[in-house]
Structures are given as C-alpha cells and as structure tokens.
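Visitor: I'd like to go through this fold piece by piece. Can you take questions as they come?

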Amino acid sequence: MQHYDVFSWVYESGTELLHGRHRREAVELLRLRRGQTVLDVPTGTGASLPLLRERVGPYGRVVGVDYSSGMLAKARSKVTDAGWRNVDLVEADARTLDAELVGTDRVDAAICMLGLSVVPDWQEVFQRMFDLVRPGGRVAVMDLWLDGRVDSGIANTYYRLLAQADQRRRFWEPLVEQATDVHTIDHTWFGGVARIVGGTKPL
Ligand SMILES: C[S@@+](CC[C@H](N)C(=O)[O-])C[C@H]1O[C@@H](n2cnc3c(N)ncnc32)[C@H](O)[C@@H]1O
C-alpha cells in the first residue's frame, strides 16, 4: 500500500483550502479550448478534473494518471458521480508515462500540480509529460519551493512529513528551459513560495 492510499482520506479538503487558487491559476495557464486533450499527472484524488473537464467540454478528453489506488478511488467517484464519459484514469507509475499508457499520441496540454516535489525521478517524469504534448501545446506545473531550506513554518513541515514532498527541487526549471511564452505566478506561502509556471512547447 502506498503512503498516499492512506493519505487520500484527508487529502482533498485540506488541499483545496491551501491550493484552490493555485489550481485555478495553473489551469488558466493551460489556455485550454473545447475539444482538446489534457493530461493530469499525477491526478491524485482528481481535484483538477472538474476544472479541466469544464474547459475541454464533452468532446475533449482528460486523462489522469496516478499510482495510488486510494487516491484514484476518490478520482473515480468524481468521474462516476458527474457522469463524465471522456475522463480516463490510469493507475500507473508516472515514470512509465508514454503514449501507449495514456492511450493517445495527441496531447494538447498537460498539468503537473503538486507532483514534481513528490514523484521520484521528477526530471524524468516531467520530460515524459513534456514529450507527450504536441508542439504548440501548453504545459503547466505548480508546486512549493523552499529555496533550499528544510524547516520553514508549520505548513511546510506538514508537507514534508505528510505529503512526503521535497520542496527543495527546482521543479520549474525544465519547463522554463524548454518552453516559450512562459508565465510565472508566485505566491508567498508560509515561509516559502507557491510557484505556478505555464509555457508553450515550441513548434
Ligand atoms: C500531493 S499529491 C497531488 C495530486 C494532484 N495533482 C493534486 O493537485 O491534488 C501527489 C500525488 O503523486 C502521486 N505519486 C507519487 N509518486 C508517483 C509516481 N511515481 N507515479 C504516479 N503517481 C505518483 C501520489 O499518489 C499522489 O496522488
């Protein structure tokens, strides 16, 4: 059983309170249009799914990937309750992300929200996600950054212990290095920074 299988029971209410605004801003940076296909890695409890599905509409597609069955069970409930037929959830390790896993090689956009501080081999996960997006498509990442510090307030300690996040990772750098039309939004966050970055994959 994964750590997040247990954590899933309390995860979403706290996360929405702390990061609801960040999530909405990250989704905005994707500039989604109706009919598009968007990837959500890792999707967790599917907290971003309603925003993504709303933007791509009934003829678009949303694919969420996560390796925690507990987190995905919550995401599945959302999909079932809303009756979405175009939201697919894949239980898999993000380090194996490829076109076969997500069921398409045509991805218009991808979001990684509170993921790159958590997944192992985060650079590889980012690159796999970025490579799946078509040229001209958008990618957004959101996470917390502590500028190398490890003890920076109660909220950040909570993240390190409960979310098992490493907030010293410079998670935005691979996107900034490879994308054009990059937009960054920073929020001061309990002694650290909540950073949201969106960019376009070059043609
Ligand atoms: C902090 S949660 C973020 C979930 C979601 N993006 C959100 O904004 O609420 C981190 C998620 O990463 C998932 N995760 C960690 N390592 C993973 C891996 N190697 N492959 C797939 N999912 C992973 C966990 O199961 C958990 O659901």
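Guide: What follows is a short tour of strands, helices, the core and some backbone details.

Visitor: What kind of model is it, and how are residues numbered?

Guide: This is a predicted model: local features need pLDDT of at least 70, side-chain atom pairs count only at pLDDT 80 or more, and totals for chains, interfaces and linings use all residues. Residues are numbered from 1 along each chain as its sequence is written.

Visitor: Start with the strands. What does β1 pair with?

Guide: β1 (37-40) runs parallel to β2, with 4 bridges joining them. β1 also runs parallel to β4, through 3 bridges. Strands here are DSSP runs of E with at least two residues, and helices are runs of H or I with at least four, numbered from the N terminus. Two strands pair if DSSP finds at least two bridges between them.

Visitor: Which residues stand opposite valine 38?

Guide: In β2, valine 62 stands opposite valine 38. In β4, the bridge partner of valine 38 is alanine 109.

Visitor: And what's on from β2?

Guide: Strand β3 (residues 87-91) runs parallel to β2, with 5 bridges between them.

Visitor: How covered is β2?

Guide: In β2 (residues 61-66), 6 of its 6 residues are buried. Arg61, Val63 and Val65 point one way, while Val62, Gly64 and Asp66 point the other way. A residue is buried if 20 or more other C-beta atoms lie within 10 Å of its own, exposed if 12 or fewer, and partly exposed in between; the C-beta atoms are placed from the backbone.

Visitor: Now α3. What span should it have?

Guide: At 1.5 Å a residue, the 14 residues of α3 (residues 69-82) should span 20 Å, and the end C-alpha atoms are 20 Å apart, which agrees. The expected span is 1.5 Å times one less than the number of residues.

Visitor: Which residues of α3 are buried?

Guide: Met71, Leu72, Ala75, Lys78 and Val79. They lie on the same side of α3 because they cover an arc of only 110° around the axis. The arc is that of the directions from the helix axis to the C-beta atoms. On the other side, Ser77, Thr80 and Asp81 are exposed. Glycine 83 follows α3, and its phi is positive, near 70°.

Visitor: What about β4 and β5?

Guide: They run parallel, joined by 6 bridges. Cysteine 112 stands opposite valine 141 in β5. The chain crosses from β4 through α5 to β5, and this crossover is right-handed. In β4, 7 of its 7 residues are buried.

Visitor: Which residues of α5 are buried, and what covers them?

Guide: In α5 (residues 122-132), Trp122, Val125, Phe126, Met129 and Leu132 are buried. Their arc is only 130° around the axis, which puts them on the same side of α5. The cover includes β1, α4 (99-102), β4 (107-113), β5 (133-145) and α7 (173-178).

Visitor: How many residues are in the largest nonpolar core?

Guide: It has 58 residues, and those with the most contacts inside it are Val38, Ala110 and Ala140. The largest share, 7 residues, comes from β5. A nonpolar core is a set of buried Ala, Val, Leu, Ile, Met, Phe, Trp, Tyr and Cys residues joined through C-beta atoms within 7 Å.

Visitor: What is alanine 140 in contact with?

Guide: Leaving aside neighbours within four places in sequence, alanine 140 is in contact with Ala26, Leu29, Leu30, Ile111, Ile196, Val197 and Gly198. Contact means that the two C-beta atoms, placed from the backbone, lie within 7 Å.

Visitor: Which residue has a positive phi although it is not a glycine?

Guide: Aspartate 121 is one of them, with phi about 50°. Aspartate 121 lies in the loop between β4 and α5 and counts as exposed, with 12 C-beta neighbours inside 10 Å. Aspartate 181 also has a positive phi of about 50°, and its place is in strand β6 (residues 180-189).

Technical notes: A crossover is right-handed if, with the strands pointing away from the viewer, the path from the first strand over the helix to the second runs clockwise.
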